[in-house]
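Hello! Here is the structure I promised to pass on to you. Have a look at it first, and then read my notes below.

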Amino acid sequence: MLGQTETRVSSPFFELQRPVRQAPVLVEVPHSGLAVPERVRPQMRAPLDGIMRDADIYVDKLYADAPAHGATMLTALASRYVVDLNRAPDDVDLQTVPDHPAPRGVQPRGVVWRMTTDGRSLLRRPLTYAQLQDRLEHFHRPYHEALRRELTRLRARFGYAILIAAHSMPSVGRSLGTDRAVRRADVVPGTRGGSTAARPLIELVDAHFRQSGLSVRHDDPYRGGYSTTHYGRPREGWHAVQIELNRALYVDEATSEPKSGDFEALQAVLARLVARVATLRL
């Protein structure tokens, strides 16, 4: 039955669930982890309130039923403060790693965050290039090797693979070019202008959420990060959609506590989404 799953912990820092009866779908949750491993703890300040607020809190629980509908599920366990799995390995600025030979990043929240979203410092001192490489080797590379391996396996079996990159976002953002606070849509599918997935998949995602009574705005303010860009190759049989959920739908943003009833309702919407995507033929 589709509900039967095997659970295999492939690393201390991520969990892979692979169903017995498989659909060509993989749900990845790179930002729900809260752990700060001892390996990097001496390098960091890790305020618990910041870890909770800057995580995609409970997104792994929202998609918990995905394997029951045939989807493989890959969930990170370490905090994004340790390494941001939705950033490229060279997305780092010189203030974070001064001796980096070829930094590409220009912001304080690249593959390693040196600042929380509310402006607090996360690093006790800038990292050396060797320390960055250590983080990439122990956290970033194993996760993406597992992700790539699963997508390759699914494509070999079905002829294509569908990646749902599962995220959440603060309910309010700033209007471009102003300080005016703007409530975001309920759901933001990111496909970089429709380039990372086939049109039938994008249309299914859009229709599903609208039919569920939720507002949808594509690519605004999130067009899709590293996973969506890197693995979204429709011509090669890999289709990727990043799905950002407005946190106000399911959590009290002041306390990080789930909203009883609303949480379960959104969980059901996502279970139905995975079930529908699992039957899509591309």
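Let's begin with a pair in helix α4: Asp-206 and Arg-210 both sit in it, four residues apart, which is about one turn of the helix. (Helices, H or I with at least four residues, and strands, E with at least two, are DSSP runs numbered from the N terminus.) This is a predicted model, where local features need pLDDT of at least 70 and side-chain atom pairs count only at pLDDT 80 or more, while totals for chains, interfaces and linings use all residues. Residues are numbered from 1 along each chain as its sequence is written, and side-chain values use heavy atoms, with hydrogens and water left out.

The side chains of Asp-206 and Arg-210 form a salt bridge, 2.8 Å from N to O. A salt bridge here is a side-chain nitrogen of Lys or Arg within 4 Å of a carboxyl oxygen of Asp or Glu. Asp-206 counts as buried, at 17% relative accessibility, whereas Arg-210 is partly exposed at 44%. (Buried means under 20% relative accessible area, exposed over 50%, and partly exposed in between, with a 1.4 Å probe and protein chains only.) Salt bridges that share partners also join Asp-49, Arg-53, Asp-54, Asp-118 and Arg-120 into one network.

How many salt bridges does the structure hold? There are 18. Another of them pairs Arg-114 with Asp-93, at 2.7 Å from N to O. Both Arg-114 and Asp-93 are buried.

Next, the nonpolar cores. A nonpolar core is a set of buried Ala, Val, Leu, Ile, Met, Phe, Trp, Tyr and Cys residues joined through side-chain atoms within 4.5 Å. The largest one has 40 residues, and Val-27, Tyr-63, Phe-209, Ile-243, Tyr-250 and Leu-266 have the most contacts inside it. Helix α6 (262-279) is among the elements that each supply at least two residues of this core, and α6 gives the most, with eight. Apart from this core lies another, of 34 residues, including Met-44 and Leu-151.

Finally, take a look at helix α3. Its 30 residues (129-158) should span 44 Å at 1.5 Å a residue, and the end C-alpha atoms are 41 Å apart, which agrees. (The expected span is 1.5 Å times one less than the number of residues.) Helix α3 bends by about 40° at Leu-136, the bend being the angle between axes fitted to the seven residues ending there and the seven starting there. Among its buried residues are Leu-136, Phe-139 and Leu-151. Just after α3, Gly-159 takes a positive phi of about 95°.
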